[in-house]
Amino acid sequence: MNDANSKALTLIKAHFNTLEIGSSLEFDSIFSTADVREYARENNIDWPGHYVEQNGQSLVVPGMIFFRPAVGFGLGEPNPPLARAGFFTRTSRAFTQPIRVNEAVHFRGQITDKYLRRGYYYIVVDWTATGVDGVVAVTGREWHTLGWARYPKNHPKGG
Amino acid sequence: MPDIVNLIDLEISRGPIQGTSAVGGSDLATNNRPVVPNIFHFAQMTELLVGQFQHNWFTSGQLSVRYLRPLQQGEELVVKAKVISYDDDNAERVNLSVWCENMNGELLATGDASCNWGL
């Protein structure tokens, strides 16, 4: 392993060891018009396009709903190996009601699993997004790595 | 919308779409080339499905995706979906296979989706 990768893995492993299955976080957030427009621009999404209710209310693009909270659990810390939050390997979402632009959303995330596999440290997080009416609008499960660094394939932990 | 009885094998697609957003990462993971975050794949899938199911997607859509291969910045992908069955318990709900591929036909992500079709 090169020095940069070893250093990153040391930090990632230390962070991984602090994470506990069952631990959770909650916070409120609002998707502003500017937030959604920026996401749509970056991802070539035609917004508002289909994302308008009959009353003219603009809706949040489904793909971005758990994008921001995915950097929870320390993944957004200004620690170079972790700051990129790794990469998603699986995503699962179920939508039950739309989330409107400029309306408050309550997020709750809970770590449901963590493991070392094929050289990467992973966490699995279950998320809910609840609208202002108290009804869960979206549920999701995200599988993602901690950072980008991995053990090489010839390392005992790399296979 | 087409009649529900005619939906099996219906194919829809979107693209090609160029991946321009980029995320950094270690050289080991990215071969020192900026890659497009996997949320881009997911964004294209949901855009395709929202276009097809419209408001029903926001109230009954489900999508599970496995990311297989990163898209390099500047590369293009195509997202496709195919209706494969009706839901066993709800005749107005359809199940789909969804996938993204690059311009070489290599799979980037695969997934399963379902959504109510009726208004």
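Two residues are in contact if their C-beta atoms, placed from the backbone, lie within 7 Å. By that criterion, in this predicted model, 28 residues of chain B are in contact with 28 residues of chain A. The two chains also contribute strands to one open sheet of 10 strands.

**The side of chain B that touches chain A**
- Two or more residues each come from α1 (27–30), α2 (39–53), α3 (55–60) and β3 (62–67) of chain B.
- The element that gives the most is α2(B), with eight residues.
- By residue class, this side of chain B holds 14 nonpolar, 12 polar and two charged residues.

- The strands follow the order β1(A)-β3(A)-β4(A)-β5(A)-β2(A)-β3(B)-β7(B)-β6(B)-β5(B)-β1(B), and their pairing is antiparallel.
- At the edges stand β1 (24–30) of chain A and β1 (11–18) of chain B; each has a single partner strand, so one side of each is left without a neighbour in the sheet.
- From one strand to the next, the twist averages 15°.

**Pairing between particular strands**
- Strand β2 (residues 88–95) of chain A pairs with β3(B) in the antiparallel sense over five bridges.
- A:T91 has B:V65, in β3(B), as its bridge partner.
- Within chain B, strand β6 (residues 93–102) and strand β7 (residues 107–116) run antiparallel and are joined by nine bridges.
- The bridge partner of B:N95 in β7(B) is B:S114.

**The helix across the sheet**
- Helix α2(B) lies across β2 of chain A and across β1, β3, β5 (76–86), β6 and β7 of chain B.
- The direction of α2(B) is at about 150° to β3(B).

Key
Residues numbered from 1 in each chain as written. Chains lettered and ligands numbered in written order. Predicted model: local features only at pLDDT ≥ 70, side-chain atom pairs only at ≥ 80, totals over all residues. Helix = DSSP H or I, 4+ residues; strand = E, 2+ residues; numbered from the N terminus. Nonpolar A, V, L, I, M, F, W, Y, C, P; charged D, E, K, R; others polar. Pairing = 2+ DSSP bridges. Axes fitted to C-alpha atoms, helices over the stretch in contact; angles between N-to-C directions.
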